[in-house]
Amino acid sequence: MEENVVLTARGITMTFPGVKALENVDFTLRKGEIHALMGENGAGKSTLIKCLTGINDFEAGEIHVDGISGPVKNHSTKDAQEVGISTVYQEVNLCPNLSVAENLFIGREPMTKFHTVDRRSYNKRSQKIMDELGIAVDVTQNLENYSLAIQQMVAIARAVDMDCKVLILDEPTSSLDDEEVEKLFTLMRSLRDKGVGIIFVTHFLEQVYAVCDRITVLRDGQLVGEYPIADLPRVKLVAAMMGKNLDDLAEIQKESIEDVSRNPLEISAKGLSHTGTIKPFDLDIHKGEVVGIAGLLGSGRSELARAIYGADRASSGTLSVGGKEVKIKEPIDAMNLGMGMLPDDRKAEGIIGDLSVRENIILALQAKRGMFNLLSRAKQEEIAARYIDLVQIKTADQETLVKQLSGGNQQKVILARWLATDPDFLILDEPTRGIDVGTKSEIQKMIVKLAGEGKSILFISSEIAEMLRTCNRMAIMRDGEKVGELDHDLTQENVMKAIAGGEGTK
Amino acid sequence: MKKDSFWKRVTGWSLFLPVVSLLLVMAVNIIHDIAVGANPLSFFMITLRQTTGNGTILYGRIIDILNRGSEVAILAIGMTLVVSSSAGTDISVGSVMSLCASFCCMLLAGYGVSSATTLACPLIVGILAGILLGVICGMFNGTLVAYFGIQPMVATLILYSAARAIGLLLCNDLIVYVRNGTFGIFGGFLGVIPTPVVIAAICILVMTLVLKKTALGMYIQSVGINGRASRIAGLNSKRIIFLTYMLCGLFAGIAGIVASSRITSADSNNIGLYFEMDAILAVALGGNSLGGGKFNLAGSIIGAYTIQAITTTLYALGVSSTQAPVFKAVIVILIVAIQAPPLKAYMKRRNMAKQVKGAA
């Protein structure tokens with residue numbers, strides 16, 4: 001094994017029924033580096049990681065870990081942890097109702113000589129670990145009292161304390177705000193300096209350039225190449241991931257967005273609220289208009305949309321659709337008024353995992369038609385085929401279970417579900433989270449196209465840049481309250497200022 | 001892409017294992033028959049036989065299984081829907097059967113009468129009232145589960161323990177006999193065919209048609225797989241869960257009438273005893289996950305008849321009725337084990353390994 005190398009994978013091959021998920025992939029991780037693993041959805045990133053951590057049983061190839069002679073074959077994440085490979089996922093797999101210290105030592109609690117758990121010693125040790133990593137927490141507090149970012153850091157701390165040589169971070173920043181991301185990066189850098197090899201999987205290109213030393217790119221289950229960060233500028237990285245040259249994401253031009261403020265109102269909310277999550281707000285959306293909602297995570301962005309859609313029943317205020325005052329109790333009421341909502345939590349509120357792509361696409365349309373008005377099978381297939389084609393869902397066929405698709409394609413299925421209902425007003429809550437650059441720009445184009453057809457869109461995203469590209473107007477959220485709107489001079493800086501408070505808001 | 005081999009298509013069929021289980025039970029019969037020197041196909045033989053009265057009826061082990069398995073098959077329909085939509089089971093169906101039977105017989109015989117030869121109210125009224133009571137029980141369960149969010153097992157535990165007692169109350173603590181030829185028809189014979197078989201067939205047929213012609217099946221599965229997502233997509237998850245419990249109550253009512261008609265009486269303590277367990281087992285034997293979501297009605301029905309086939313086989317083998325549950329348990333363990341995920345995964349791995357070898 002090469003000097004300084006902590007993990008090598010050679011010729012990893014893995015097939016799923018009908019698909020070569022990985023074909024002869026090599027991967028090398030050195031001590032003390034942050035190594036980005038990049039690729040579009042379905043490129044094989046997750047599969048490779050699962051091979052390293054023992055979740056997937058790969059068919060060919062070898063994995064070597066520093067300090068262990070002979071190839072390593074993990075059969076479970078526990079095996080992987082024993083050879084020093086730990087993983088922290090986007091969803092934190094810890095117990096929120098236990099204390100930070102308990103979470104750190106769960107399954108390996110220090111014992112007293114009477115074989116009882118030595119609480120004092122592990123609280124002390126935990127505090128020391130957290131202090132060393134520069135994470136400011138009280139280890140005796142329950143984990144649920146801390147933000148997701150801290151929870152993730154606790155997960156990392158746990159991994160590090162278990163003597164991991166290789167730390168895999170799978171989309172750790174997807175649900176963090178900028179400040180939290182920065183904290184996480186600080187932690188990652190300090191671990192790197194201690195000699196841990198970190199594999200970082202993310203969809204955020206700027207984050208790759210902020211912390212990584214090296215990039216490995218996969219495409220369609222094959223290795224494209226490994227590059228030092230300096231040799232692979234953004235455009236080239238995108239090109240490598242997509243296998244083609246993408247001029248720039250900004251090819252959707254703002255100029256194409258016309259002035260729609262004279263169009264009739266589609267949605268008009270007055271004093272709408274949902275107790276405990278969102279304070280009363282007013283919001284008007286015109287036909288053919290794309291309104292963005294900007295704000296930090298947890299600022300009430302999703303909650304605002306949910307109150308309009310009836311996902312959380314509004315506790316005060318009035319809502320007019322197309323000029324008429326309406327009462328919405330359940331999402332189906334909103335749907336019957338021509339609304340649709342793509343929720344931000346794809347897994348929990350979007351896909352019906354065990355149903356087929358076809359069933360997932362026609363579900364909302366069928367719900368609208370009612371139980372006794374079943375779409376014929378032929379009609380279902382026709383609709384599914386049309387939308388699979390329209391939004392370019394990559395699936396073996398219509399009967400594939402939706403849970404077998406990659407995240408981006410699942411998102412497209414849900415988008416297709418709503419397009420099939422031909423909505424007048426579509427709420428898109430983080431439609432591009434966790435999906436690759438190519439799909440992102442497709443979705444953005446779709447938004448502009450739908451608006452062009454006279455549909456109204458409420459677009460929520462953590463990426464201000466993509467909202468700037470598509471929105472006519474932006475509502476600014478802060479602490480569960482709509483604090484203002486921006487309808488001219490939409491620039492990153494202005495939006496940021498408005499979110500932060502102070503100038504820029506009306 | 002090359003076409004899958006015949007074998008692979010057969011093993012990939014969702015009903016493959018339930019059917020194999022049923023065939024295995026039948027095979028045991030054949031082996032037994034050969035061993036004792038009887039006609040190897042006597043299991044499948046159906047003959048016409050004179051009854052003590054003047055009727056002619058179909059007779060044979062298959063007929064017996066279809067006949068005796070009717071109640072569980074009817075219950076299994078409702079149970080399948082409940083399991084799918086709510087990832088829970090309705091353990092009250094056996095007791096509800098008994099309650100419906102008691103109510104029906106009480107109406108037919110008149111309150112406080114323990115044995116009636118003339119009907120106190122028209123037969124159809126008694127039958128429909130009994131079934132309606134089943135629906136009401138189902139609605140009660142459905143309200144608790146869907147709208148109050150109570151765990152299905154706990155919610156249905158209420159009627160599980162109360163329904164039988166209410167039945168006794170209705171019957172004034174008596175076993176009510178309805179000694180009127182017309183009431184016995186539902187558990188007797190319609191021409192040469194046992195009526196319970198006909199009733200079960202109608203229930204299965206109607207439910208199959210409903211599932212095929214409406215979106216109910218898709219709604220139930222969708223809610224069972226992901227209730228929150230279903231709601232966002234416009235389904236009323238609560239109402240759908242409620243509906244499945246109501247249907248389950250309906251089928252419990254029908255099964256109760258059949259069971260009661262068989263013995264032309266309402267024996268509150270014994271009608272439907274432990275039937276809830278058989279109904280749940282039928283759903284499981286049918287290859288349905290008790291974790292909810294996707295369901296296969298045909299599988300549950302096959303499961304129901306498999307259970308009856310096991311019982312009938314054991315009696316045919318001369319196992320005493322007191323020992324039968326032990327053997328039944330052993331057979332059930334085997335059947336459940338061959339359908340268990342680890343074994344399925346093992347078979348899949350083996351298949352894949354073969355493919356890889358074949359490709360190399």
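Student: Is Asp422(A) buried or exposed, and how many other C-beta atoms lie within 10 Å?

Tutor: The model is a predicted one, and the values that follow are computed from it. Asp422(A) is exposed, because 12 other C-beta atoms lie within 10 Å and a residue with 12 or fewer counts as exposed. The residue sits in a loop of chain A, with helix H14 (407-420) on one side and strand S16 (425-429) on the other. Its backbone deserves attention as well: phi of Asp422(A) is near 50 degrees, a positive value in a residue other than glycine.

Ala87(B) is not a glycine, yet its phi is positive, at about 50 degrees. Ala87(B) also belongs to a loop, the one between helix H4 (70-86) and helix H5 (93-109) of chain B. A glycine with positive phi can be found in chain A: Gly195(A), with a value near 100 degrees, follows helix H6(A).

H6 of chain A covers residues 178-193, which makes 16 residues, and it reaches 23 Å from its first C-alpha to its last, close to the 22 Å expected at 1.5 Å a residue. Its buried residues are Glu180(A), Val181(A), Leu184(A), Met188(A), Leu191(A) and Arg192(A).

On the scale of the whole chain, chain A is divided into domain 1 (5-247), domain 2 (263-338 + 424-506) and domain 3 (346-422). The centres of domain 1 and domain 3 of chain A, taken over C-alpha atoms, are separated by 33 Å.

Chain A also meets chain B: 26 residues of chain A are in contact with 22 residues of chain B. On the chain B side, the elements that give two or more residues are helix H9 (216-225) and helix H10 (227-232). H9(B) provides the largest share of that side, six residues. By residue type, the side of chain B that touches chain A consists of ten nonpolar, eight polar and four charged residues.

Chain B itself has 15 helices and seven strands. Its radius of gyration is 22 Å, which agrees with the value near 21 Å that a compact globule of 360 residues would have. The C-alpha trace of chain B spans about 80 × 65 × 35 Å along its principal axes. Of its 360 residues, 49% count as buried. Among the contacts in chain B with a separation of 6 or more, 76% join residues 24 or more positions apart.

Val330(B) lies in helix H14 (residues 324-338) of chain B. Val330(B) is exposed, since 11 other C-beta atoms lie within 10 Å. The C-alpha atom of Val330(B) is separated by 36 Å from that of Met139(B), a residue 191 residues apart from it along the chain.

Notes: Residues are numbered from 1 along each chain as its sequence is written. Chains are lettered from A and ligands numbered from 1 in the order in which they are written. This is a predicted model: local features need pLDDT of at least 70, side-chain atom pairs count only at pLDDT 80 or more; totals for chains, interfaces and linings use all residues. Helices (H or I, at least four residues) and strands (E, at least two) are DSSP runs, numbered from the N terminus. The expected span of a helix is 1.5 Å times one less than its number of residues. A residue is buried if 20 or more other C-beta atoms lie within 10 Å of its own, exposed if 12 or fewer, and partly exposed in between; C-beta atoms are placed from the backbone. Two residues are in contact if their C-beta atoms, placed from the backbone, lie within 7 Å. Ala, Val, Leu, Ile, Met, Phe, Trp, Tyr, Cys and Pro count as nonpolar, Asp, Glu, Lys and Arg as charged, and the others, Gly among them, as polar. Domain bounds come from an automatic or database domain assignment. The radius of gyration is taken over C-alpha atoms; the globule rule is 2.2 Å times the number of residues to the power 0.38.
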